[in-house]
Amino acid sequence: MMEKPAQATGYEFEPHLVGKILDEAGREPGNLPLVAYTLKQLFERLEEEGQTFTHAAYEAIGGVAGAIGTIAEQVLQTLGAEASAAFDRVFGELVHLERDRPPTRKRVPLVDFRNDPGATTLIQALAGPVCRILVTGEKDKTPTVEVAHEQLFTAWPRLKTWLDQGGDALRLIEHATEEARRWRERGEMAEELWLATRAIEVQEGLKRFGKTPSQELECFLRPQQVLLAQLNQDDLSHKQRTIIGWKMAQFGDTRPGVGLRPDGLPDIVWIEIPPGQIKQKNYPYEFDVHPFRLAKYPVTNRQFKAFIDEGGYKSGKWWKGFHRPEAPEPPKWSEANCPRETVSWYEAVAFCRWLSQRTDSRIRLPTEWEWQQAATSGDPTYEYPWAGGWDAARCNSEKSRLDRTTPVGIYPRGATKQGALDMVGNVWEWCLNTTLPPNLEMLQEDQGPVEGGQVLKGGSWNNTPDHLKASYLLVNTPDWRSVRIGFRLAQDIP
């Protein structure tokens, strides 16, 4: 069909060219139109005096694949915008890419595109009798589609450019899919997760190519829920808990009360503390504690940064009666979900004033007796927020040997009866009152601190069990900053 008509009209093929054309055309149904179109391209490249179809001319048109690519461009010009926009979606499924390997074609069930009209139109056009870039068939009685020739990956300029520009993203998706499977098999350990920045690259690639991740891949790219569930395991080491907390910070800690609200203000989860009476060894009388609300966690780095970003150190109204520092002292440990340390009592009160006005509410520091009521749930037999005495596995202390703060809330077994976390260990927490005989009328922070040192409760990451008892207190000047000191919010119940 090729050689004899050519000879009859004075043309000829260089040796082995016909066989090469037929080999590249393949044996799929519809290959004869591809051969015919390729011959037409060869004929149009003959010089006026030329009578021989050459290997050089065949290579110049890109072979059968290049010829198909030429007509594919013509077909694409006829499609609407929706079909053209589906190019990423279709070829993102039909091309398989691995690191350090050339692309290969992949057979995909047509049903995978049933909910994408643009993709369906594109497949029908590129698999039609005119073009044959794609071929359809069946596997196990399931209709399928695949790229007709792997030579198209280099011979069709559009597809080659697409692979050059998007190939790395596709390879990353394939690699992430395999790593997600291995991560699940190895027990979903936090330290084996990718960096969040790399996970974001995969998510962007999935969005670009319209790929739906498997459940394994979704957990690998957004592991927060898996990690949160792991915190409930009693046998985790302090280091393992810390790594989980760090990974949650990297991927975005979505727990209520840790970050910000949609309006950019600190998201505070309030715990209602019941009333009671607190007897403290420093005072010869009991304190009546009225019902109040206490924040579930200490104020985090992310929450305090909202105060800084909104000009908290530039506006004098938050610092009435205080010496306003020019700028905050940076925290020693900057993970977004770690408690904000290196803050003075003045800075903690300024934050309360700012958040009170911004939320149209009354937010303050807790008093010493309120703090102790919350830490013990009003039970005088509790030395710590839990029953049964000291337990090093329930908080971040000197016994943890971490020598730093940890993300808030990573010790759920250390919670109070009402659900407040990190009441002991991690950071000391500023209280509203001083150590002088308390005068409740003098506890209005708008008037500034009264004479005497400010009380701190709860102990920190480098304290021993005795210093972490709910009854223990520390005293220092209100301008004192330390990597061991943070604060927690309180609120009156109307």
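The radius of gyration used here is taken over C-alpha atoms, and the rule for a globule is 2.2 Å times the number of residues to the power 0.38. By that rule a compact globule of 494 residues would come out near 23 Å, but the protein chain you have open has 35 Å. What you are looking at is a predicted model, where local features need pLDDT of at least 70, side-chain atom pairs count only at pLDDT 80 or more, and totals for chains, interfaces and linings use all residues. Residues are numbered from 1 along each chain as its sequence is written, and side-chain values use heavy atoms, with hydrogens and water left out.

**Whole chain first**

The protein chain exposes about 23,600 Å², with carbon and sulfur atoms supplying 50% of that; the areas come from the Shrake-Rupley method with a 1.4 Å probe. Buried residues make up 50% of the 494. Here buried means under 20% relative accessible area, exposed means over 50%, and partly exposed is in between (1.4 Å probe, protein chains only).

Colour by charge and you get 59 positive and 68 negative side chains, the centres of the two sets lying 3 Å apart. Lys and Arg count as positive and Asp and Glu as negative, while His and the chain ends are not counted; each charge is placed at NZ of Lys, CZ of Arg, CG of Asp or CD of Glu.

If you draw contacts (heavy atoms within 4.5 Å), look at those with a separation of 6 or more: residues 24 or more positions apart account for 70% of them.

**Stop 1: Asp140**

Select Asp140, in the loop between β6 (134-139) and β7 (142-147). Its phi is near 55 degrees, a positive value in a residue other than glycine. Asp140 counts as exposed because its relative accessibility is 71%.

**Stop 2: Gln203**

Move on to helix α11 (residues 196-208) and pick out Gln203. Its side chain reaches the backbone oxygen of Leu221 at 3.2 Å, which falls under the polar contact rule: N or O atoms within 3.5 Å, where within protein one must be able to donate a hydrogen and the other to accept it, and residues adjacent in sequence count only if both atoms are side-chain atoms. Setting aside neighbours within four places in sequence, Gln203 is in contact with Leu221 and Arg222.

**Stop 3**

Ala249 sits in helix α14. With 21% relative accessibility, Ala249 counts as partly exposed. Residues up to four places away aside, Ala249 touches Glu335, Ala336 and Asn337. For a distance check, its C-alpha is 22 Å from that of Arg186, 63 residues away along the chain.

Now select Arg261, in the loop between α14 (238-251) and β8 (270-273). Arg261 is partly exposed too, because its relative accessibility is 33%. Show side chains and look for the 2.5 Å polar contact between Arg261 and Asp263. Beyond four places in sequence, Arg261 touches Pro266, Asp267 and Thr359.

**Stop 4**

Select residues 368-376. How many of the nine residues of α17 are buried? Nine of the nine are, so the helix is mostly covered; among them are Trp369 and Trp371.

Then jump to Thr416, in the loop between α17 and β13 (428-434). Thr416 counts as buried because its relative accessibility is 5%. Leaving out neighbours within four places in sequence, its contacts are Ala374, Ala375, Ser377, Pro385 and Met423. Ala374 and Ala375 are on the list of buried residues of α17. The side chain of Thr416 also reaches the backbone nitrogen of Ala420 at 3.0 Å.

Finish on Asn426, found in the loop between α17 and β13. Phi of Asn426 is near 70 degrees, a positive value in a residue other than glycine. Is Asn426 buried or exposed? It is buried, because its relative accessible area is 2%.

Methods. Helices (H or I, at least four residues) and strands (E, at least two) are DSSP runs, numbered from the N terminus.
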